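Subject: Handover of a structure

Dear colleague,

Please find the structure below, together with its sequence.

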Amino acid sequence: MEPIDSSLVDWSRAQFALTAMYHWLFVPLTLGLGVVMAIMETLYVRTGREFWKRTAQFWMKLFGINFAMGVATGIILEFEFGTNWSNYSWFVGDIFGAPLAIEGILAFFMESTFIAVMYFGWNKVSKRAHLASTWLTIIGATISAWWILVANAWMQHPVGMEFNPDTVRNEMVDFAAVAFSPVAVVKFCHTVSSSWVLGAVFVVGVSCWYLLCGRHCEFALSSIRVAAWFGLFAALITAHTGHQSGRDIALYQPMKLAAAEGLYEGGTEQGLVLGGILRPGADWTAGSDDRFLLKVELPYALSYLATHDLQGYVPGIRNLLEGGYKLPDGSVALSAEEMMKRGRVAIDALAKYRAASTPEEKAAALAVLRANFPWFGYGYLKSPGELVPSVPLTFYSFRIMVMLGGYFIVLFAGLLLLGQRVTRWKLVQLAVVLTIPLAWLASQAGWVVAEVGRQPWAIQGLLPNVAAISRLDVSSVQTTFYIFLALFTLLLVAELGIMGKAIAAGPETDSTSA
Amino acid sequence: MNDLTFLQQYWWFLVSLLGALLVFLMFVQGGQSLIWTLGRTEEQRRMLLLATGRKWELTFTTLVTFGGAFFASFPLFYSTSFGGAYWVWVIILLCFVIQAVSYEFQLRRGNVLGTTTYRLFLLLNGILGPLLIGTAVGTFFTGAEFVVNKAAVASPAMPVISYWVGPWHGLEAALVPQNLMLGMSVLLLTRVLACLYFLGCMDDETLRENCRRRLRIESGFFLLFFLTWLVRWLLSAGFAYEPGSGFVYMETYKYLHNLLAMPGVAALLLIGVLLVLGGMAGGFYGRRRAFWLAGPGSVLVVLALLLCAGWNNTAYYPSVASLQSSLTIANSSSSLFTLKTMTIVSFIIPAVLAYIAWAWRALDRDPITAEEAESEH
């Protein structure tokens with residue numbers, strides 16, 4: 001039988017990355033801006049001031065433009081699990097499908113029903129029913145994020161399932177373990193709060209643009225006040241959950257942590273790299289050269305982050321490949337070669353189980369399969385080097401995300417301290433406007449760390465990409481990749497054009513001066 | 001009937017119901033395909049687009065949930081059909097991608113492509129969406145070119161368990177007249193439903209008269225295609241399997257036998273057809289509520305057909321390349337635990353239907369006027 005073409009894996013990954021990254025341009029703004037506009041409509045209902053209604057309606061207009069793009073790019077992602085990752089869909093569909101279906105039933109219908117009331121219902125339902133519809137739209141979007149992040153967290157840290165050799169797939173045995181896995185909870189809080197940050201940055205950025213132009217100043221100052229409080233609150237949660245997420249990665253995905261830190265040789269009392277430049281072209285799978293041109297470290301911080309102990313041991317890439325170090329449970333880590341060997345034994349035992357003609361043969365094969373199943377996925381790998389993700393991409397993305405996260409806290413706190421005086425600080429206004437794209441950069445960088453850092457796994461330790469794909473011609477996937485690239489880019493340009501015009505036109509509030 | 005068998009039947013019912021609701025809600029697509037046919041002036045076109053624009057997301061969500069529910073309950077179908085019939089599904093998805101932005105973007109300033117382009121997108125989605133979905137569903141009765149071999153997981157060099165035999169990855173389904181006839185029936189049904197919906201929600205006599213006239217033409221073509229398809233379907237051989245062994249074989253008049261073996265399903269089909277006919281007749285006389293006869297009628301018809309595809313020991317996704325690879329609700333479902341869990345979640349569906357009904361009523365209480373269409377944009 002013809003083996004899998006490695007370029008098929010690469011193109012399938014590229015297509016998924018492309019569609020996911022496009023989708024993630026729009027989703028965080030939906031989640032963040034949605035809350036801001038809902039707060040503003042709440043102020044309208046509580047105070048009865050028409051000003052807040054107009055303010056909420058302006059942000060709603062931008063929300064709608066962005067929402068449409070989120071929907072357009074999102075439908076592809078759901079079906080791509082089938083079109084491009086069909087083996088994955090069978091191998092773990094029993095677990096992974098459930099969150100997607102629940103997302104549809106619980107969240108998408110809520111979103112799509114109430115968004116229609118939100119846009120078309122101003123004169124058709126009562127004020128309070130309209131406000132409820134606005135909140136339910138954003139709650140629906142947030143519940144949707146919960147379920148898709150449960151699914152993603154499960155891929156990072158698979159729990160609550162057992163392998164069934166008769167159906168040749170993993171089957172769910174504990175729904176609560178999947179739906180409320182601590183990794184999923186942290187991931188949800190981190191992702192949603194970072195989306196709130198992005199929404200808040202967008203609102204303060206657009207508002208500062210009005211201040212720079214000397215237009216809609218009352219609107220701008222009111223929007224900044226709401227968004228800066230909300231943004232500061234969200235940025236602090238993001239920082240806290242980011243720390244928890246780091247701890248989860250240290251526990252369940254140590255290779256991702258090593259790549260994010262550029263840590264080749266691990267040890268105790270490890271420092272956290274605050275900033276650094278990696279040596280271009282360095283081989284991260286072997287050798288002993290220094291891999292940094294420059295780095296600034298915070299002593300002991302990585303050990304503390306990973307183990308909550310300043311002297312804690314953190315394995316580097318070499319240690320993870322060669323094994324031999326002591327794991328937290330007291331056992332000794334296996335080498336990558338050994339894990340691959342055991343994985344091949346597991347796969348071979350599965351073949352024997354399927355071919356067995358007597359109960360004794362089946363039982364013997366099953367015993368071997370069970371004993372070696374923890375390394376099943378490693379059996380598909382050809383060399384230990386495949387276990388090392390792209391270190392530069394993970395390393396730099398991590399730093400971009402963390403540094404920008406810190407900057408956003410300072411930004412929101414600064415805006416709150418300045419209050420009305422921000423109208424006099426043109427440079428600050430300009431800086432805030434220029435911050436808008438940085439929010440997207442931080443958000444995308446976060447996903448790069450999460451997804452590139454866990455390569456080569458579709459499901460951590462269980463199923464590598466090479467065993468998860470659909471059997472297609474490479475040319476088909478290449479063609480669809482370029483179709484999606486062209487279409488999404490075209491629509492993005494259109495969206496930016498519409499957003500730009502809508503912002504230039506401004507809100508329909510009465511006041512245009514400070 | 002044990003727990004697993006019962007839940008497989010239950011989930012096939014739910015997936016079929018979602019599919020049936022999707023076809024009903026595709027009146028939105030039918031409406032889009034008639035923008036220029038019914039709307040002779042810009043004002044009328046805006047009114048038509050406002051009417052479907054309030055509902056498109058519901059159709060879209062039903063499609064996405066249909067996919068999600070299929071994935072959760074019958075993952076082998078998701079894996080086999082989407083991964084194999086690649087091009088059909090990609091084209092269908094692209095049709096929906098361009099729809100998703102078009103309502104919002106079409107009249108906005110700075111939209112780069114211009115209003116007409118977005119309306120052409122809506123037209124494309126309106127025609128290709130129902131046509132291709134109908135054609136793809138046609139393969140539930142005529143078969144597709146795939147092979148499933150679960151043992152492949154134990155072959156590290158090529159562990160993919162299902163693959164398409166032909167080079168066209170699903171496009172070949174459009175060359176089967178029976179599939180195409182079903183696709184045309186779905187398209188024409190959505191146009192009939194759209195005419196009826198517009199009849200009920202427009203406050204413009206000229207537009208309503210256009211809808212009434214168009215309804216006669218669309219109804220005639222729909223009946224021609226659908227009844228031809230239905231007769232051929234009843235007389236065709238189908239894909240049956242033995243419940244114990246799972247062995248798949250061809251059975252003459254299988255779908256006719258299914259209707260005879262399941263009188264409840266036959267009754268659904270009959271009532272559904274009568275309701276659709278009643279709705280059409282009401283529409284000919286300009287009745288505003290005719291949509292609410294034909295709509296539920298179409299749900300019952302599609303539900304009955306899909307139940308015939310999967311219930312009564314029928315292979316719902318037959319393989320013409322390897323008969324024993326055919327998918328049945330027994331060999332392609334999720335585990336008992338997952339189906340049970342999902343069943344608990346499904347109990348929330350009545351609440352979802354209730355709030356959808358509230359929102360629908362709230363937005364459609366008053367007929368759409370030209371002034372409203374102008375102000376919404």
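**Salt bridges**

Over all chains, the count comes to 25 salt bridges, a salt bridge being a side-chain nitrogen of Lys or Arg within 4 Å of a carboxyl oxygen of Asp or Glu. Please note that this is a predicted model, in which local features need pLDDT of at least 70 and side-chain atom pairs count only at pLDDT 80 or more, while totals for chains, interfaces and linings use all residues. Residues are numbered from 1 along each chain as its sequence is written, chains are lettered from A and ligands numbered from 1 in the order in which they are written, and side-chain values use heavy atoms, with hydrogens and water left out.

In chain A, the side chains of A:Arg342 and A:Glu338 form a salt bridge at 2.8 Å, N to O. Both residues belong to helix H12 (residues 336–355) of chain A and are four residues apart, about one turn of the helix. Helices (H or I, at least four residues) and strands (E, at least two) are DSSP runs, numbered from the N terminus. A:Arg342 is partly exposed at a relative accessible area of 25%, and A:Glu338 is partly exposed at 24%. Here buried means under 20% relative accessible area, exposed over 50%, and partly exposed in between (1.4 Å probe, protein chains only).

In chain B, the side chains of B:Glu42 and B:Arg119 meet in a salt bridge at 2.9 Å, N to O. B:Glu42 lies in helix H4 (residues 42–53) of chain B and B:Arg119 in helix H8 (residues 115–142) of chain B, so this pair ties together parts that are 77 residues apart in sequence. B:Glu42 is partly exposed, with a relative accessible area of 31%, whereas B:Arg119 is buried, at 3%.

A salt bridge also joins the side chains of B:Glu218 and B:Arg191, at 2.9 Å, N to O. B:Glu218 is in helix H10 of chain B and B:Arg191 in helix H9 (residues 177–201) of chain B, so the pair ties together parts that are 27 residues apart in sequence. B:Glu218 counts as buried at 2% relative accessibility, and B:Arg191 is buried with a relative accessible area of 13%.

Finally, a network of salt bridges links A:Lys124, B:Arg54, B:Lys55, B:Asp364 and B:Glu372.

**Helix packing**

Helix H10 (residues 205–235) of chain B packs against helix H12 (residues 263–284) of chain B at an angle of about 155°, with their axes 9 Å apart. Axes are lines fitted to C-alpha atoms, for helices over the stretch in contact, and angles run from 0 to 180 degrees between N-to-C directions. H10(B) and H12(B) are therefore roughly antiparallel to each other; angles under 35 degrees count as roughly parallel, over 145 as roughly antiparallel, 65 to 115 as roughly perpendicular and the rest as oblique. H10(B) passes H12(B) in a left-handed crossing, that is, the near helix is turned anticlockwise from the far one by less than a right angle (right-handed if clockwise).

In chain A, the axes of helix H1 (residues 6–47) and helix H16 (residues 474–505) come within 9 Å and cross at roughly 15°. H1(A) is therefore roughly parallel to H16(A), and H1(A) passes H16(A) in a left-handed crossing.

**Backbone features in chain A**

The peptide bond from A:Gln455 to A:Pro456 is cis, with omega near 15°. A:Pro456 lies in the loop between H15 and strand E7 (457–459) of chain A.

Two residues other than glycine may be inspected for positive phi values. A:Val168 has phi near 55° and lies in the loop between strand E1 (161–164) and strand E2 (169–172) of chain A. A:Val168 counts as buried at 1% relative accessibility. A:Tyr300 has a phi of about 65° and is found in the loop between E5 and helix H10 (301–307) of chain A. A:Tyr300 counts as partly exposed at 35% relative accessibility.

**Separations in chain B**

B:Val248, in strand E4 (residues 248–251) of chain B, is buried at 2% relative accessibility. B:Val248 and B:Thr328 are 80 residues apart in sequence and 9.1 Å apart in space, C-alpha to C-alpha.

With kind regards
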